[in-house]
Structures are given as C-alpha cells and as structure tokens.
Amino acid sequence: MLNITLVPYGNAQERNVSGKLDFQCQHGPEECLGNMMEACLMHEAKNFSTFFPVIFCLESGSSVTKNLEACLQIYAPEVDSGRISACVQGDTGVALMHHNAQLTEALDPPHQYVPWITINGKHTDELQAQAEASLLGLVCHLYQGEKPEACEGSKAQKIPPGCRR
C-alpha cells in the first residue's frame with residue numbers, strides 16, 4: 001500500500017574537490033555527518049521497519065550524531081554500530097551521499113525546502129500540505145486497492161480538500 005523512501009540529504013551541496021567528493025550542508029558539518037550516519041544506517045539495516053524507528057529516535061533527540069548508540073540499543077540492537085561507523089568513515093558513506101545528491105538533484109520540480117514530499121513521484125504544494133496534515137488520510141484516499149482497517153478511522157476517512165474524485 002505504501003513504500004517510503006527517505007533521502008537524508010536536505011539542502012546539501014556536493015562538490016568535487018581535487019577528485020574527491022565533498023558535501024556542504026545548510027546547517028554545517030554536523031548535519032552532513034548526521035545525513036551520512038542515517039544513509040549508512042539504512043544501508044546496513046536494509047529493512048525500513050528496522051531503521052525507521054532508529055532514525056525517528058535520532059531526529060527526536062538533542063543530537064543526531066551523538067545518540068546513535070542509544071537509539072540502536074533501544075530500537076535495533078541487532079544492527080552493528082561498528083559497521084555503520086566504518087561506512088561513515090569509508091568510501092561507502094561517500095557513495096551513499098553521492099547517490100542521495102543525485103536523487104535530490106533529479107527532483108522535478110526541484111526541491112525548495114525540506115522535507116520535500118513526493119507522492120507517486122509527484123510533488124505539489126497541495127500534496128505536501130495534505131501529507132503533513134494527515135499522511136494516513138492521504139494514503140487511504142489515494143490507494144486503489146482494498147482499504148485496510150487502518151483506513152476506516154475518522155481521520156483516515158476524511159478526504160483531503162482538492163483531492164476529491
């Protein structure tokens with residue numbers, strides 16, 4: 001019913017400095033490190049249901065970069081933090097960030113802020129507002145198949161304005 005793709009990149013800029021990729025983030029090096037940690041976490045954990053609670057934990061805390069161990073311990077103790085660190089410090093982390101740069105650059109229309117939500121590859125201000133107001137309601141409304149029980153609640157049943165058929 002729903003596939004979510006997170007692209008930890010934001011408003012970063014990718015530069016080639018003497019043949020080596022370098023990333024500059026809107027909020028500085030700490031943000032870039034956090035983005036790479038999340039990209040490496042997703043790469044290592046592979047499964048959305050494993051990495052999403054960890055990312056939610058990281059983003060909810062005081063420091064994305066300092067809380068990895070604690071968030072992993074609580075939400076994904078099976079994920080090896082050493083492998084995430086090796087990814088961040090090695091070529092894999094740079095490759096993942098480069099991939100996220102390409103995904104971000106390919107957005108049409110180009111993103112103007114973050115988060116930039118696309119639904120079925122499409123972004124409009126209206127879809128963005130609806131997703132932020134009630135993602136469940138929007139997904140239930142747009143879903144073509146048999147609706148699951150979760151779509152039967154009052155919030156999910158509400159058809160977002162401008163989305164009526």
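The model is predicted, so local features need pLDDT of at least 70 and side-chain atom pairs count only at pLDDT 80 or more, while totals for chains, interfaces and linings use all residues. Residues are numbered from 1 along each chain as its sequence is written, and side-chain values use heavy atoms, with hydrogens and water left out.

**Aromatic pairs**

- The ring centres of Tyr9 and Phe23 lie 6.4 Å apart with planes at 90 degrees, so this pair is edge-to-face (planes over 60 degrees apart; under 30 counts as stacked and the rest as tilted).
- Tyr9 belongs to the segment before β1 (13–17) and Phe23 to strand β2 (residues 20–24), so that the pair joins distant parts of the chain, 14 residues apart.
- Both Tyr9 and Phe23 are buried, that is, under 20% relative accessible area with a 1.4 Å probe and protein chains only.
- Phe48, Phe51, Phe52 and Phe56 are linked into a cluster by ring pairs.

**Overall architecture**

- The chain has seven helices and two strands, which are DSSP runs (helices H or I, at least four residues; strands E, at least two) numbered from the N terminus.
- Along the sequence, the pattern is β-β-α-α-α-α-α-α-α.
- Of the 165 residues in the chain, 35% are buried.
- The C-alpha atoms fill a box of roughly 55 × 35 × 25 Å along the principal axes.

**Packing of α1 and α5**

- Helix α1 (residues 29–45) packs against helix α5 (residues 91–105) at about 100 degrees, with the axes 9 Å apart; axes are lines fitted to C-alpha atoms over the stretch in contact, and angles run from 0 to 180 degrees between N-to-C directions.
- The two helices are therefore roughly perpendicular, a term for angles of 65 to 115 degrees.
- Contact (heavy atoms within 4.5 Å) involves residues including Cys32, Met36 and His43 of α1 and Thr92, Leu96 and Asn100 of α5.
- The contact residues comprise seven nonpolar, five polar and no charged; Ala, Val, Leu, Ile, Met, Phe, Trp, Tyr, Cys and Pro count as nonpolar, Asp, Glu, Lys and Arg as charged, and the others, Gly among them, as polar.

**The largest nonpolar core**

- This core has 28 residues, and Cys40, Leu41, Val54, Leu68, Leu72, Val79 and Ile84 touch the most other members; such a core is a set of buried Ala, Val, Leu, Ile, Met, Phe, Trp, Tyr and Cys residues joined through side-chain atoms within 4.5 Å.
- Its largest share, eight residues, comes from α1.
- Leaving aside residues up to four places away in sequence, Val79 touches Leu41, Ala45, Thr50, Leu72 and Ile84.

Key:
Angles under 35 degrees count as roughly parallel, over 145 as roughly antiparallel, 65 to 115 as roughly perpendicular and the rest as oblique. Rings of Phe, Tyr and Trp (its six-membered ring) pair if their centres lie within 6.5 Å; planes under 30 degrees apart count as stacked, over 60 as edge-to-face and the rest as tilted. Buried means under 20% relative accessible area, exposed over 50%, partly exposed in between (1.4 Å probe, protein chains only).
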